[in-house]
Amino acid sequence: MALKDVKILIVDDEIFFRQVLRAVLEKIGFTVVGEAGDGAEALERYRALRPHIVIMDIYMPDMNGIDATKNLLAFDPNARVLMASASDFDSDTQAALDAGAKGILMKPFVPKEIYEMIRKLLTGK
């Protein structure tokens, strides 16, 4: 699959982080098909857009990323979620992985790490 064919949904309550992540992803060559500001909106957008990958913040109001990931996987067991976090609390990242996230992207974002994580997620290598 070509990079431009990989559809990504960005979920973060902070517009700044959504803009930064969108710029990084598009510079790498991925296609950002949508954005959401909280977990509930993420579920709606996922159903409508069917992205290949969701990059979701852990901490958001209303429905956090961990609960949204659980709900997303209940809807689609094949959903691929990468959790984004500025937290270095092991319990938070472990909770995200336990919820079904396929990996953790640390803020601030490093383009090479994002590319490698997505490549590994798509290829299994």
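Which residues does methionine 106 touch, not counting residues up to four places away in sequence? Select methionine 106 and you will find Ser85, Ala86, Ser87 and Asp88 there, where contact means heavy atoms within 4.5 Å.

Before moving on, a word about the model. It is predicted, so local features need pLDDT of at least 70 and side-chain atom pairs count only at pLDDT 80 or more, while totals for chains, interfaces and linings use all residues. Residues are numbered from 1 along each chain as its sequence is written, and side-chain values use heavy atoms, with hydrogens and water left out.

**Stop 1: around methionine 106**

Methionine 106 sits in strand β5. Helices (H or I, at least four residues) and strands (E, at least two) are DSSP runs, numbered from the N terminus. With 32% relative accessibility, methionine 106 counts as partly exposed; buried means under 20% relative accessible area, exposed over 50%, and partly exposed in between (1.4 Å probe, protein chains only).

Next, step along to proline 108, in the loop between β5 (103-106) and α5 (111-123). The peptide bond that joins lysine 107 to proline 108 is cis, with omega near 0°.

**Stop 2: two loop residues**

Most residues other than glycine have a negative phi, and most peptide bonds are trans. Select arginine 50, in the loop between α2 (39-49) and β3 (53-57). Arginine 50 has a positive phi of about 50° although it is not a glycine, and at 43% relative accessibility it counts as partly exposed. Then pick aspartate 62, in the loop between β3 and α3 (65-75). Its phi is also positive, near 70°, and at 77% relative accessibility aspartate 62 counts as exposed.

**Stop 3: α2 beside α3**

Show these two helices together. Their axes, lines fitted to C-alpha atoms over the stretch in contact, with angles from 0 to 180 degrees between N-to-C directions, come within 9 Å and cross at roughly 25°. That makes α2 roughly parallel to α3 (angles under 35 degrees count as roughly parallel, over 145 as roughly antiparallel, 65 to 115 as roughly perpendicular and the rest as oblique). To see the contact, select Gly39, Leu43, Tyr46 and Arg47 in α2, which meet Ala68, Asn71, Leu72 and Phe75 in α3. These residues divide into five nonpolar, two polar and one charged; Ala, Val, Leu, Ile, Met, Phe, Trp, Tyr, Cys and Pro count as nonpolar, Asp, Glu, Lys and Arg as charged, and the others, Gly among them, as polar.

**Stop 4: the cores**

A nonpolar core is a set of buried Ala, Val, Leu, Ile, Met, Phe, Trp, Tyr and Cys residues joined through side-chain atoms within 4.5 Å. The largest one has 22 residues, of which Val11, Val54, Met56, Leu72, Met83 and Ala96 touch the most other members. Helix α3 gives the most to this core, with four residues. Apart from it lies another core, of 17 residues, among them Ile53, Leu82, Ile114 and Ile118.

**Last stop: α1 across α5**

Finally, show helix α1 (residues 15-28) with α5: their axes come within 10 Å and cross at roughly 65°. That makes α1 roughly perpendicular to α5. Select Leu21, Val24, Leu25 and Ile28 of α1 and Pro111, Ile114, Tyr115 and Ile118 of α5 to see the contact. By class it has eight nonpolar, no polar and no charged residues.
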